[in-house]
There are 2 protein chains.
Amino acid sequence: MTENKIPYKIYLEESEMPQAWYNVRADMPTKPAPLLNPATGKPCAAADLEAVFCGELVKQELDNDTRYIPIPQEIRDFYKMYRPSPLVRAYCLEEKLGTPAKIYYKFEGNNTSGSHKLNSAIAQAYYAKNQGLKGVTTETGAGQWGTALAMACGYLGLDCKVYMVKCSYEQKPFRREVMRTYGASVTPSPSETTEVGRKILAENPGTTGSLGCAISEAVEAATTHEGYRYVLGSVLNQVLLHQSVIGMEAKAALDKYGVVPDTIIGCAGGGSNLGGLISPFMGEMLRGEREYKFIAVEPASCPSLTRGVFAYDFCDTGKVCPLAKMYTLGSGFIPSANHAGGLRYHGMSPVLSELYHEGLMEARSVEQTKVFEAAEYFARVEGILPAPESSHAIRVAIDEALRCRETGEEKTILFGLTGTGYFDLYAYQKFNDGQMDDYVPTDEEIAASVATLPKLG
Amino acid sequence: MTENKIPYKIYLEESEMPQAWYNVRADMPTKPAPLLNPATGKPCAAADLEAVFCGELVKQELDNDTRYIPIPQEIRDFYKMYRPSPLVRAYCLEEKLGTPAKIYYKFEGNNTSGSHKLNSAIAQAYYAKNQGLKGVTTETGAGQWGTALAMACGYLGLDCKVYMVKCSYEQKPFRREVMRTYGASVTPSPSETTEVGRKILAENPGTTGSLGCAISEAVEAATTHEGYRYVLGSVLNQVLLHQSVIGMEAKAALDKYGVVPDTIIGCAGGGSNLGGLISPFMGEMLRGEREYKFIAVEPASCPSLTRGVFAYDFCDTGKVCPLAKMYTLGSGFIPSANHAGGLRYHGMSPVLSELYHEGLMEARSVEQTKVFEAAEYFARVEGILPAPESSHAIRVAIDEALRCRETGEEKTILFGLTGTGYFDLYAYQKFNDGQMDDYVPTDEEIAASVATLPKLG
């Protein structure tokens, strides 16, 4: 061991933490296509969006030009409670794999929400509080986003109404209890508390709900309660902006040791983690300063980038939200019961979709059993039990490291470890019991779903 | 904010991590009383213990003289995967409490076992592996220890047989799945796999098990399988030795900023966390270098220090283990269904018992509802959902800080935050639903249990 050996974990000093978010849109020659008002088919103006979202967040959503947006001091102070997150050199994994590759991961799971979602939750809650609002509403499926928002609101003393997909509410009672402990009210969706919920219940009395329905209820609750707005944990430009803190910290930590990654890998559902991780590196590439290989990893059961189309679509199944131009499988696409709940989204962030469309990023889809094999291997070697979502990135990082073992290349690999799997043990149990399957949609199924995309103009 | 402000989280550099464990027994003028062989009533010799425990661990168990015991390089490398753990300055908590006190906590929950238990698990597994053993056996109740041992064994490729109290096995399936994911075999106890298990099942076919029974099964499994030894997660001197890494890191981090705590607080079940946290500070006091106030916090439902007797007793309900001199409620004491599973032990570490007996440490007992009130408050303010066990320390730290608010004293308080509550949400649910009760044993119940202590000589 030499004196200058890179430590197992690199922690930035507080003084080295980012003071501004980086807005990758500022460096994109082709900007992501604007959101469209579904009623008019015209680009959403700020006024359209402000009925649903906080004013400051609407500004961030629409701002394609400002490169750095300062992080308010209150948010930076909150970040200090759980950030900087460690950049880990995976020495143990490298050794067990016998690879000449150097592997790093940015670990976002060391907070009670168990994921990176808290980075945007505190920002969105802060702006809501600052605008004098009473509270916010949202939906949650797997529960990471709802937990993060409950924590942020609990800290700021803001009311938090979470619509939780009914089957998750019943199957993940512990997620529900974390949210309640932080003071959030959690309502199983569909519910009797909204018009859309009552309508759905009348039509399908036994339904266990869907994310689309929960979004519709949360939006209705926000727009019918005085002093409330709706917030969302992924897909939107503002969320990628807040999550840029992941990539900026990772880059600062690597820069301290003069390390430049060759390949940067992240899992992608709505795109918030991947977008945040790659932003500052992508910025360098867009400005012509350096080349990187970026890999988005998605589940084979919900392959929006690798098998979807690039087109305008609804962000929600309920079709109440604006239309976004993105890679999509169609808003009616129902993924199989894949356990990586956070990646079961039919579309993809418009920013990432545009970058992928321009060939600036690769995408791969992986099957669930292979993902859990990688997850278990990683858990035993690196000591961290990863979330199923994060394990998609682990799978491809391991595949890339094994390729280096064959070729002898000493590539430097960076991947995002977005969170922990402590609330996903039902899925691990299925894997441990050998009862996990790998459903992949057929071409016909995808074609049928894509055929329902809205026709514009 | 000044330039020299203490950060929210103090992380030591890897080079500043302890290279040896500190053995507080070396500085104790009165050593803890020796373990006794239950068959002869005489002090256990190394040979007595080596049938059950690894050789190197027996040496550590009996060594009352060596002040510093080097940590093998392999263990130090494993520590680097999840240590140094952060020493957190609780700025948010101080502000919300409006106290002039300065509050610090050493947070041991940022690893998949969710607690400090991993510090000793890796040490014990390492020595077992080094001795050429095939595997180790243990029992687990709440599950933190079993998880930690499974992780350590998974890393080293050592077999791990965990006997899990049957009611926990059924009520905490997720704990079980974490252990299985790390490759451990988990058997609900009592089981058909041991003689003692079959005997208990024949006598009580419907029993849901007990920690005492699980210990007996684990010890039998270790002594009847070639190449196996039994390991234990608390109470023993060797465990306190390994856990001294907590206190040494905490002290090194405070020393870096010239901070000297006045009061040091930890929860106490078997004593592993408290003993580890206070060791180096207690050493200073024993050597006459400095004064500290130490407070052990135990549940009012299982008050061994505050209401037990200081006497020789069995460490296990099954009476197969050696006798230890300690504060005890009697090995037949059955605590009420207190949710802080890790603190439901009838006795207390012989080292801590001796220190308490000599008046070097205070003890307080707290009721469960007050503990969960503190836990929820802490979660919302500091962002970490604490384990019920750890929340006993939080309760008393908050009480001490509020006392400072009244007196105006600027005391510096350090407490141990041993772990996270992600697998304890059934208890949080009871609290959230207002269904938690505070059972405290009567004097008659304690007297009846204590009356069953073994008569010696």
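**Exercise 1.** Which residue of strand 14 of chain B stands opposite B:Val297?

*Solution.* The model is a predicted one. Strand 11 of chain B pairs with strand 14 (residues 362-366) of chain B in the parallel sense, over 5 bridges. Within this pairing, the residue opposite B:Val297 is B:Arg364.

**Exercise 2.** Describe the other pairing of strand 11 with strand 10 of chain B, and the unit to which both strands belong.

*Solution.* Step one: strand 10 (residues 263-267) of chain B runs parallel to strand 11 of chain B, and 5 bridges join them. Step two: in strand 11, B:Val297 has B:Cys267 opposite to it. Step three: with helix 12 (residues 272-286) of chain B, strands 10 and 11 of chain B make a β-α-β unit, and its hand is right.

**Exercise 3.** Determine why strand 11 of chain B is described as largely enclosed by the rest of the structure.

*Solution.* A residue counts as buried under 20% relative accessible area.

**Exercise 4.** Classify the ring pair of A:Tyr327 and A:Tyr356, and locate both residues.

*Solution.* Over all chains, the count comes to 37 aromatic pairs. For A:Tyr327 and A:Tyr356, the ring centres are 5.1 Å apart and the planes stand at 70°; since planes over 60 degrees apart count as edge-to-face, this pair is edge-to-face. The pair links distant parts of the chain, for A:Tyr327 belongs to strand 13 (residues 323-328) of chain A and A:Tyr356 to helix 14 (residues 350-357) of chain A, 29 residues apart. A:Tyr327 has a relative accessibility of 10% and so counts as buried.

**Exercise 5.** At what distance from the ring centre does B:Lys5 lie over the face of B:Tyr91?

*Solution.* B:Lys5 is placed 4.4 Å from the ring centre of B:Tyr91. In chain A, A:Arg176 lies over the face of A:Tyr169, at 4.7 Å from the ring centre.

Methods. Residues are numbered from 1 along each chain as its sequence is written. Chains are lettered from A and ligands numbered from 1 in the order in which they are written. This is a predicted model: local features need pLDDT of at least 70, side-chain atom pairs count only at pLDDT 80 or more; totals for chains, interfaces and linings use all residues. Side-chain values use heavy atoms; hydrogens and water are left out. Buried means under 20% relative accessible area, exposed over 50%, partly exposed in between (1.4 Å probe, protein chains only). Helices (H or I, at least four residues) and strands (E, at least two) are DSSP runs, numbered from the N terminus. Two strands pair if DSSP finds at least two bridges between them. A crossover is right-handed if, with the strands pointing away from the viewer, the path from the first strand over the helix to the second runs clockwise. Rings of Phe, Tyr and Trp (its six-membered ring) pair if their centres lie within 6.5 Å; planes under 30 degrees apart count as stacked, over 60 as edge-to-face and the rest as tilted. A charge sits over a ring if NZ of Lys or CZ of Arg is within 6 Å of the ring centre and within 35 degrees of the ring normal.
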